[in-house]
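The sequence and structure are shown first.

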Amino acid sequence: MIINKLDSIEFRLKELHDFTWLKKYGTAFWCVDQTGSGCICIGMENKGKKYFCKIAGVNTIEAEVSPKESIEILKESVHLYHDLKHPNLVKIIEDYNYKQFYVVVFEWTEGECLFDHWNFEKYQENLTIKSPKEKFRQLSVSKKLSTIDVLFSFLQNVNKKGYVAVDFYDGSIMYDFLTDKTTICDIDFFKKAPVINNKGPEWFGTKRLKAPEEYIKGSAIDEQTNIFTLGALIFDFFGYFSDEEIRQRYQNNQFIPCSYSNWELNEESYQVASRAVRHNKNERYMTFSEFFRAWNEASSSMIPK
């Protein structure tokens, strides 16, 4: 591990690099270096305008792919942000090669990632600091329901454009607690349908939310897989799970809904979310439109128990 520095920001990589070329975007004020993607993310500011710079090929200390692979993945992702343009999706400014790196520059979006794993150590060391996930869970029901509406809108758009949302989870979602805006910030692994799981249990995604077919090599990853993912996110937003129950998801490669007694909303909404995460795909909603209609009907009387 080697400490790199840009302005007052320090970050850890496997080797030393010169990042002064980023100074054309101003001064560095923020960084995330603990990524499995092999990319480093740096916030830059120039005369009040902020930029989010994502740089592949830097060989992060937690990289799960080689620098070459990280560049290929980031390059492949650029068209997704154009094809899947949405009011709540981050916007690309430019992308280009620079020496051995590949760079994508986004408009800066205010907000906090709902699964900011790079800060977990900080929360463990200081229990008075609330994580974004914890702060989000404590929001009013109406505010969290508005986020669900955004996710439905975005994922319906993804499906309409002929794509599948791969590796979509709470780490792909940002929330601005000042303006209550929800932003989708990471769609790098989304794929054009049809999509087949060619990795088996190692298919992209967190075990906290993955559908059964995301563990089975040769299985189709499709609209109903994404319905499962959204259903699992809804359970995480409105259900209570103990640490042991979450540990079991990792150990058993299986998402299990919380009990109704640990559900924040009404019974109708619980039944809708439960159907979305059925193990058998044929028992889930067939389309996002069907899922959304059922959720809306349940939400007409959706108040805390």
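The text below treats ring contacts, then the backbone.

The model is predicted, so local features need pLDDT of at least 70 and side-chain atom pairs count only at pLDDT 80 or more, while totals for chains, interfaces and linings use all residues. Residues are numbered from 1 along each chain as its sequence is written, and side-chain values use heavy atoms, with hydrogens and water left out.

The structure holds 33 aromatic pairs (Phe, Tyr or six-membered Trp ring centres within 6.5 Å; planes under 30 degrees apart are stacked, over 60 edge-to-face, the rest tilted). Among them, Trp203 and Phe204 are arranged edge-to-face, at 5.1 Å centre to centre with 65° between the planes. Trp203 is buried at a relative accessible area of 2% (buried means under 20%, exposed over 50%, partly exposed in between, with a 1.4 Å probe and protein chains only). One aromatic cluster is formed by Phe228, Phe235, Phe238, Phe241, Phe255, Tyr260, Trp263 and Tyr270.

Two charges sit over rings (NZ of Lys or CZ of Arg within 6 Å of the ring centre and within 35 degrees of the ring normal):

| Charged residue | Ring | Distance to ring centre |
|---|---|---|
| Lys50 | Phe29 | 5.0 Å |
| Arg208 | Phe115 | 4.0 Å |

In the backbone, the peptide bond from Ala193 to Pro194 is cis, with omega near 0°. Phi is positive at Asn59, near 65°; this residue is buried, at 15% relative accessibility. Asn253, also not a glycine, has a positive phi of about 50° and is partly exposed at 28%.
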